[in-house]
Amino acid sequence: MNFIIKIKRWIPLIIDLLVSVVTLVVYSVTSEKLEFLVYLQICIGPIVLLALELLNKTKWIRIPLFVTAIITSHLIIALDLGSALKFYDKVSCWDLIAHGYFGFVASFLVLTVLLNFNGDKLKFVLLLGIILFIVIGFGGFWEIIEFICDRVLGGDSQRVQESIDLGHTPVWDTMMDLIITIPGVLCFWLVMMIDQYSGGKLYNHLLSNSKKLVSAEEIQ
């Protein structure tokens, strides 16, 4: 039984690794101009998931399989499909979808981290509010990284020129990326509120995989 559980923990990494290999082959065959940065982006997914599993091994923090799975799906959407296979360019709303989903996924990750450090002692509403501001902070930090990369590498990941061509302000894409994160967090809120009033099974699952099991009444 323990062996099966250990194998399950590696499923997200295996899936992402397979997707990354396929993406690597497709990109190498179909792209007219091969870029080192894209190859680096393809490698980021498996590296992040491997780091999460190694972090779990330290027992300093535990990330439930459910959270690892949705992180994997976001990495595939954002890096493999979005960046490497150019879905950001091919599908006009892909960037907004990725950033909105980021808000949803990051909220679960932040909740898990907080539960690892006695976040369950906070009032449930306060916990949700803290998650909102932390995730928005993550989004802002990512925009800073994109800005620095554009300045150093001469790219336009913040789509400044595209925004200007569409008649928007130069900061349009950056601000929309930050704003669309909020609906993602609100979707997370909705899921957790529904879970709370239906017994708290999801909350308890996340908590039991970090420290202890609590009843639904304790999270109200």
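## Charge and surface

The protein carries 16 positive and 19 negative side chains, and the centres of these two sets lie 15 Å apart; Lys and Arg count as positive and Asp and Glu as negative, with His and the chain ends not counted, and each charge is placed at NZ of Lys, CZ of Arg, CG of Asp or CD of Glu. This is a predicted model, in which local features need pLDDT of at least 70 and side-chain atom pairs count only at pLDDT 80 or more, while totals for chains, interfaces and linings use all residues. Residues are numbered from 1 along each chain as its sequence is written, and side-chain values use heavy atoms, leaving out hydrogens and water.

The accessible surface (Shrake-Rupley method, 1.4 Å probe) comes to about 12,500 Å², and 74% of that surface belongs to carbon and sulfur atoms.

## Overall fold

The protein has ten helices and zero strands, where helices (H or I, at least four residues) and strands (E, at least two) are DSSP runs numbered from the N terminus. The radius of gyration, taken over C-alpha atoms, is 19 Å, close to the 17 Å that the globule rule (2.2 Å times the number of residues to the power 0.38) gives for 220 residues, so the protein is as compact as a globular protein of that length.

Buried residues (under 20% relative accessible area, 1.4 Å probe, protein chains only) make up 40% of the 220 residues.

## Helix 10

In helix 10 (residues 201-208), the buried residues are Leu202, Tyr203, Asn204, Leu206 and Leu207. These buried residues pack against helix 4 (65-84), helix 6 (94-116), helix 7 (124-153) and helix 9 (172-196), contact meaning heavy atoms within 4.5 Å.

Methods. Buried < 20%, exposed > 50% of the residue type's maximum accessible area, 1.4 Å probe, protein only.
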